[in-house]
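Take a look at the model below. This report walks through a sheet, its helices and the surroundings of a ligand.

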Amino acid sequence: MSADTQKRLAGEAAALRVESGMIVGLGTGSTAAWFVKALAARGLSGLRCVPTSEATAELARELGLPLSTLEDTPRIDLTVDGADEVGPGLALIKGGGAALLREKLVWEASSRCIVIADKAKVVPVLGKFALPIEVVAFGHKTTANRIADVLSDHEIAMPARVRTAERGLVRTDGGNLIYDASCQAIHNPIRLADDLKLITGVVEHGLFLDLADEAIIGTDDGVELLT
Ligand code: 5RP
């Protein structure tokens with residue numbers, strides 16, 4: 001079964017957890033898009049949906065899901081979102097789609113968070129997927145040097161690299177930059193998360209620790225639940 005089919009299965013299973021009248025956080029990325037499509041197909045009444053990116057907002061709008069904002073609905077019942085890695089204790093790396101800041105704000109406002117992913121995302125140790133770090137553009141090279149110092153304290157030799165696309169530097173929906181830190185193995189995610197947050201210029205990082213309540217993993221045989 002392809003990774004995309006596994007993503008679809010996870011997204012469809014998560015959509016069944018939503019009830020009429022809920023305020024729902026909509027994640028970002030290809031797996032979250034399957035959830036958004038499956039949710040729209042259910043035609044539930046009274047939903048209000050808070051998207052975590054402009055891309056997800058556009059998809060939800062096209063599908064006729066009623067949108068809200070974190071300002072208008074600051075408490076969210078359930079958020080469903082993808083991840084780049086799902087590690088032990090449901091510690092996650094997120095931000096492959098450059099939406100980690102809005103995602104984390106929405107996750108933290110949620111009573112319950114479900115992460116959805118294909119089987120390949122489940123790892124024994126976080127860090128093979130480069131850790132995204134959102135940085136303000138002003139002075140970003142200085143901030144990158146400070147990130148390199150923190151990474152080196154964590155025995156991560158490679159400095160983080162600024163994310164680029166065909167049209168130059170990637171900008172987040174908030175106008176910031178993304179640095180990707182190729183860690184290989186993050187042995188102490190809690191300490192790394194704390195150390196990165198202390199750097200002026202770092203807006204947020206893609207370590208989502210103690211935020212997911214449950215994972216729905218798409219596999220060749222259907223879905224697996226991790227708690
Ligand atoms: C976006 C994210 C995504 O959820 C993550 O990158 C997974 O994406 P996909 O479902 O396309 O594999 O964190 O910032």
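What follows covers the sheet, then the helices, then the ligand shell.

This is a predicted model. Six strands form an open sheet with mixed pairing, in the order E2-E1-E3-E6-E14-E15. Strands E2 (48–51) and E15 (222–226) are its edges, and each pairs on one side only. On average, neighbouring strands of this sheet are turned by 20 degrees against each other, direction ignored.

Strands E1 (residues 23–26) and E3 (residues 76–81) pair in the parallel sense, over three bridges. Val24 has Leu78 as its bridge partner in E3.

The table lists their contacts and directions.

| Helix | Strands | Angle |
|---|---|---|
| H3 | lies across E1 and E2 | about 150 degrees to E2 |
| H4 | touches E1, E2, E3 and E6 (110–118) | about 140 degrees with E3 |

Helix H2 (residues 30–42) also packs against helix H3 (residues 54–62), at an angle of about 25 degrees and with the axes 10 Å apart. The angle is under 35 degrees, so H2 is roughly parallel to H3. The crossing is right-handed. H2 contributes Ala32, Ala33 and Val36 to the contact, while H3 contributes Thr56, Leu59 and Ala60. By class, this contact has five nonpolar residues, one polar and no charged ones.

Now the ligand. Of the 18 residues around the ligand, Gly29, Thr31, Gly82, Gly96 and Gly97 come nearest. Which helix gives the largest share of the shell? H2 does, with three residues. H2 and H4 (100–108) each supply at least two. The shell divides into five nonpolar, nine polar and four charged residues.

Terms used:
Residues are numbered from 1 along each chain as its sequence is written. This is a predicted model: local features need pLDDT of at least 70, side-chain atom pairs count only at pLDDT 80 or more; totals for chains, interfaces and linings use all residues. Axes are lines fitted to C-alpha atoms, for helices over the stretch in contact, and angles run from 0 to 180 degrees between N-to-C directions. Helices (H or I, at least four residues) and strands (E, at least two) are DSSP runs, numbered from the N terminus. Angles under 35 degrees count as roughly parallel, over 145 as roughly antiparallel, 65 to 115 as roughly perpendicular and the rest as oblique. A crossing is left-handed if the near helix is turned anticlockwise from the far one by less than a right angle, and right-handed if clockwise. Two residues are in contact if their C-beta atoms, placed from the backbone, lie within 7 Å. Ala, Val, Leu, Ile, Met, Phe, Trp, Tyr, Cys and Pro count as nonpolar, Asp, Glu, Lys and Arg as charged, and the others, Gly among them, as polar. A residue is near a molecule or strand if its C-beta atom, placed from the backbone, lies within 6 Å of it. Two strands pair if DSSP finds at least two bridges between them.
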